[in-house]
Amino acid sequence: MSIHRRDYYEVLEIERNADETTIKKAYRKKALEYHPDRNPGDPAAEERFKEASEAYQVLSDRQKRELYDRYGHDGLQGRGYQGFDDVSDIFDLFGDLFGGMFGGGARRRGSRIRRGGNLSAEITLTYNEVLEDTDKRIEITREELCTHCGGDGAEPGYPPKTCNRCRGRGRIVQQAGFLRLETPCPQCDGTGRVVDKPCSECDGRGRGLVRRSLEVRIPAGIDDGQRIRISGEGHDGSASAHSGDLFLTVHLAEHKHFTRRGRDLLLTLELTPPQLALGAHVEVPTLTGSTTLKIPAGTQPDHVFTIRREGFPRVGGGRRGDLLVTVKTWVPKRLSREQKRLLEELQRTLDK
Ligand SMILES: [Zn+2]
Ligand SMILES: [Zn+2]
């Protein structure tokens, strides 16, 4: 049977002392290059794919690798390892490494215990609402197991039977040239079982969409774009598996006065040139009311005043941020005769 067999290290193009990661990487590269799905009808590629898989099987197994290093191909054959024919499923090996990147239909082993999918939702809050922890009600639509049949899709009293074509495995094996291909069983659609009488509530689907209202605690200080993970509130998993999680993205509505930067609150305050020059006491808004800000005489435009602890709390507790007030000024576009006279007078004094 044995044609000339190439050295496994040569096949994967690696050094003899390559570590596990290197071996795996090298195999992935070769397997992707020669995968039959990418080289349909090319027996040379198929042979290379087989060869690379065999090399990986041996070199990734410490015991087999040791035998191979010492005695070569003969070492493996002489000790109960029969080479590639022993590899029960080349695609299982491939699937373990690559997931379902080539359709994945053949690798549905374990599909009956699948964790539920995650769900995402969004909520918009005002600046004031995130000053303290707050409870919010949200509406979600999640996939839940049918309560009538418990999720197996069979009407109670008519339990599902094991599929006789695949004997419950959900997959059937087909021989294609060198390759053993496993595909989902067409009779049971890969589920391994056959339902005689579908559930009257869910038509045999075993699950359905349910609208739920949920109360969610939003932590104080949360910022726009941050996500809250609510464990177990995603879609139901299959019968015995965990449900997925719900990811709630928080948005903050724009505020008419303020913008937010981290924990700080920013405010722009427009004052007249005399207010800056002479000084003033001005009322400025805060998130919860207002406060008086003293503008000292001679304040320059773009000066920033800090009003302590009028910003946002830190998520998880701690000191509040500050309210930063940036002073701007403006120049009147039209002047009354009186204003013009006063400004001219002012300018004459400044000229000196
Ligand atoms: Zn049902
Ligand atoms: Zn079947």
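How many residues does helix α7 have, and how far does α7 reach from its first C-alpha to its last? Residues 337-351 form α7, so 15 residues, and the reach is 21 Å, close to the 21 Å expected at 1.5 Å a residue. That expected span is 1.5 Å times one less than the number of residues.

A word on the source. This is a predicted model: local features need pLDDT of at least 70, side-chain atom pairs count only at pLDDT 80 or more, and totals for chains, interfaces and linings use all residues. Residues are numbered from 1 along each chain as its sequence is written, with chains lettered from A and ligands numbered from 1 in the order written.

Back to α7. Helix α7 is hardly covered: its count of buried residues is 0. Buried takes 20 or more other C-beta atoms within 10 Å of a residue's own, with C-beta atoms placed from the backbone. Across the 352 residues of the protein chain, 21% are buried.

The chain has 7 helices and 15 strands. These are DSSP runs: H or I of at least four residues, E of at least two, numbered from the N terminus.

Now the cores. A nonpolar core joins buried Ala, Val, Leu, Ile, Met, Phe, Trp, Tyr and Cys through C-beta atoms within 7 Å. The largest has 17 residues; Y8, L12, Y27, A52, A55 and Y56 touch the most other members. Helices α1, α2, α3 and α4 each supply at least two of its residues. The largest share, 6 residues, comes from α3. Apart from this core lies another, of 13 residues, including L246 and V325.

Last, Y56. Beyond neighbours within four places in sequence, Y56 contacts L12, I23 and Y27. Contact means backbone-placed C-beta atoms within 7 Å.

Methods
A residue is buried if 20 or more other C-beta atoms lie within 10 Å of its own, exposed if 12 or fewer, and partly exposed in between; C-beta atoms are placed from the backbone. Two residues are in contact if their C-beta atoms, placed from the backbone, lie within 7 Å.
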